[in-house]
Amino acid sequence: MEKHDLGNLSSNDPLYQYLKYEIQPQLSGFLDRPRYRVSRLNGSNDVYLYEEKKSGQSMIGKFFLSNREPDPAVASRRLEREYNNLAMMHNNGFDGSGPHYIARPLGRNEDLNRLLVIEFCRGELMSTLLNRAIRNRDDKLIYAKLTALAWFLSRFHNNTAMTEWRVDFNGACSYMDSLIERLRTLNEIDNSCADELYWLRDRWREQPKMWEDCQVFAHGDATPDNFLFGDGMSVISFDLERLRRADRVFDTGRIAGELFHSFLLATGGKYAAEPFIGHFLWEYACHFPDRERTFEQTTRRVPFYMGITLLRIARNSWLEWNYRLRLIHEAKLCLRRLSL
C-alpha cells in the first residue's frame with residue numbers, strides 16, 4: 001500500500017482531539033499526549049493512515065465528504081452504509097476467531113468531513129502479491145493464496161445466505177447498463193457495440209440459471225486491492241462500502257475477471273489465467289455439500305460476471321488505449337458464452 005508522508009497531526013486539529021479521546025482508547029487505552037504521524041494512501045476516497053508513535057497502534061481515516069463527493073447528504077449515506085456493513089460482517093464470524101477477518105470500524109464523525117475510522121490491519125495486498133508472483137512465476141504461491149481467498153469468500157457468502165430469497169438478476173443487468181453507458185461516454189465503444197452488449201444482457205436475463213440461487217451478501221468490490229493476505233490461510237478485508245444482496249457469483253466472477261486481467265496485462269497471454277481461475281472456483285466449491293454440483297452451477301454463471309468485470313476494468317483511463325479495447329473484446333467473448 002503506497003504511502004505519502006504528510007508529517008505529524010497538529011494537537012490543535014479537531015481530528016486530533018477525536019482520535020485521542022474517542023478512538024485511541026479502543027486500541028491502547030487512554031494516552032495523555034499521543035503523537036500521530038499522517039500518511040495519505042491511494043484510494044477511491046480521501047484515505048489516510050494515522051500511526052501513533054508511542055503505542056505503535058495505527059488506524060485508517062476515510063473521509064467521504066471531499067472534492068470527489070461534495071454532496072453532504074450522499075457522503076453521509078455512504079459513511080453510514082460502510083460503517084454498518086463493516087460492523088455487521090465483523091460480528092458475523094469475521095472477528096478474529098479464525099483466519100478470516102473484517103477490519104473493525106472504530107468510529108464515525110459527521111462533523112469531520114463525514115469521517116470513518118477503522119483499525120489498521122497488517123498484511124500484503126492481493127494485488128501486490130499477485131503481481132510479484134506472476135513476475136517470479138511462483139505458481140505455488142498463487143494457488144495457495146487463491147485457496148485461502150476461496151475459503152474466505154465461501155464463508156462470507158454462506159454466513160449471510162438468505163435461502164428464502166432468490167437472486168434478482170435485474171440488479172446485475174442494471175449494473176451492466178451503467179458500465180455500457182460509461183464506456184459509450186468515454187468513446188470506448190460505439191452504438192453498434194453498445195447494442196450488441198444490450199442484446200447479450202437480455203439473452204442472459206432469459207437464462208433460468210441466473211435466477212436460481214439464493215441471495216447472499218456479496219462483497220461487491222472483490223478486487224485484488226481490497227484483500228490482504230497474512231500467513232497461511234489468513235485473509236483480511238477492509239472495504240465493504242459496496243456490500244449488496246446478490247448472486248454469490250457476483251464476487252467469484254469478479255475475481256475470475258481480475259485474474260484474467262492481471263495475467264493478460266503481465267504476460268499478454270489470454271489463457272495464462274485459466275488454471276488459476278479453475279483452481280479458485282474448484283476450491284470455492286469444496287466448501288459446499290456437493291462440490292461437483294456447486295462447481296458446475298458456478299461455472300455456468302461465471303462468464304457473465306467475468307464479462308462485466310472486464311468492462312468495468314476497461315473504464316480505467318490509466319490503462320493503455322489498445323489494451324482497454326482488448327478487454328472489451330474479451331468481455332464480449334465471455335458474454336457470448338450463453339450455452340454453458
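Modeller: We will take helix pairs, then a pocket, then a cavity. Keep in mind that this is a predicted model.

Colleague: Let us begin with a pair. At what angle do H9 and H10 pack, and how far apart are their axes?

Modeller: The angle between H9 and H10 is about 165 degrees, and their axes lie 8 Å apart. An angle over 145 degrees counts as roughly antiparallel. That makes H9 roughly antiparallel to H10. The crossing of H9 past H10 is left-handed.

Colleague: Which residues of H9 and H10 meet?

Modeller: From H9 come Pro303, Phe304, Met306, Gly307, Leu310, Leu311 and Ile313. Their partners in H10 are Leu327, Ile328, Glu330, Ala331, Cys334 and Leu335. Sorted by class, this contact of H9 with H10 has 11 nonpolar, 1 polar and 1 charged residues.

Colleague: Now H6. Is H6 roughly parallel or antiparallel to H10?

Modeller: Start with the angle. H6 covers residues 191-205, and it packs on H10 at about 30 degrees, with the axes 10 Å apart. Angles under 35 degrees count as roughly parallel. So H6 is roughly parallel to H10. H6 passes H10 in a left-handed crossing.

Colleague: Which residues make the contact of H6 and H10?

Modeller: H6 brings Cys193, Glu196, Leu197, Leu200 and Trp204. H10 brings Ile328, Lys332, Cys334 and Leu335. By class, the contact of H6 with H10 holds 7 nonpolar, no polar and 2 charged residues.

Colleague: What about H7 and H10: how do their axes cross?

Modeller: H7 runs over residues 249-267. Its axis comes within 12 Å of that of H10, and the two cross at roughly 140 degrees. H7 and H10 are therefore oblique to each other. Their crossing is right-handed.

Colleague: And which residues of H7 and H10 meet?

Modeller: Phe260, His261, Leu264 and Leu265 in H7 touch Tyr323, Arg326, Leu327 and Glu330 in H10. This contact of H7 with H10 divides into 5 nonpolar, 1 polar and 2 charged residues.

Colleague: On to the spaces. What volume does the second largest pocket have?

Modeller: A pocket is an open space, whereas a cavity is one that a probe cannot get out of. The second largest pocket has a volume of about 410 Å³. Its lining has 18 residues. Glu274, Ile277, Met306, Cys334 and Arg337 are the ones nearest its centre.

Colleague: Which helices each supply at least two residues of that pocket's lining?

Modeller: They are H8 (274-285), H9 (291-313) and H10 (321-335). H9 gives the most to this lining, with 6 residues.

Colleague: How do the residues of the pocket lining divide by class?

Modeller: The second largest pocket is lined by 11 nonpolar, 2 polar and 5 charged residues.

Colleague: Last, how many cavities of 30 Å³ or more does a search of the whole structure find?

Modeller: The search finds 1. The largest cavity has a volume of about 50 Å³. Its lining is Met126, Leu129, Leu130, Ile142, Lys145, Leu146, Phe229 and Leu259. The elements that give two or more residues to this lining are H3 (126-136) and H4 (139-158).

Colleague: And how does the lining of the largest cavity divide by class?

Modeller: The lining has 7 nonpolar, no polar and 1 charged.

Conventions. Residues are numbered from 1 along each chain as its sequence is written. This is a predicted model: local features need pLDDT of at least 70, side-chain atom pairs count only at pLDDT 80 or more; totals for chains, interfaces and linings use all residues. Side-chain values use heavy atoms; hydrogens and water are left out. On a 1 Å grid over the protein atoms alone, a cavity is a set of points where a 1.4 Å probe fits but cannot get out, and a pocket is an open set with protein on both sides within 12 Å along at least five of seven lines; lining residues have an atom within 4 Å of a point. Grid points are joined across faces, edges and corners, and a volume is the space filled by probe spheres set on the points. Helices (H or I, at least four residues) and strands (E, at least two) are DSSP runs, numbered from the N terminus. Ala, Val, Leu, Ile, Met, Phe, Trp, Tyr, Cys and Pro count as nonpolar, Asp, Glu, Lys and Arg as charged, and the others, Gly among them, as polar. Axes are lines fitted to C-alpha atoms, for helices over the stretch in contact, and angles run from 0 to 180 degrees between N-to-C directions. Angles under 35 degrees count as roughly parallel, over 145 as roughly antiparallel, 65 to 115 as roughly perpendicular and the rest as oblique. A crossing is left-handed if the near helix is turned anticlockwise from the far one by less than a right angle, and right-handed if clockwise. Contact means heavy atoms within 4.5 Å.
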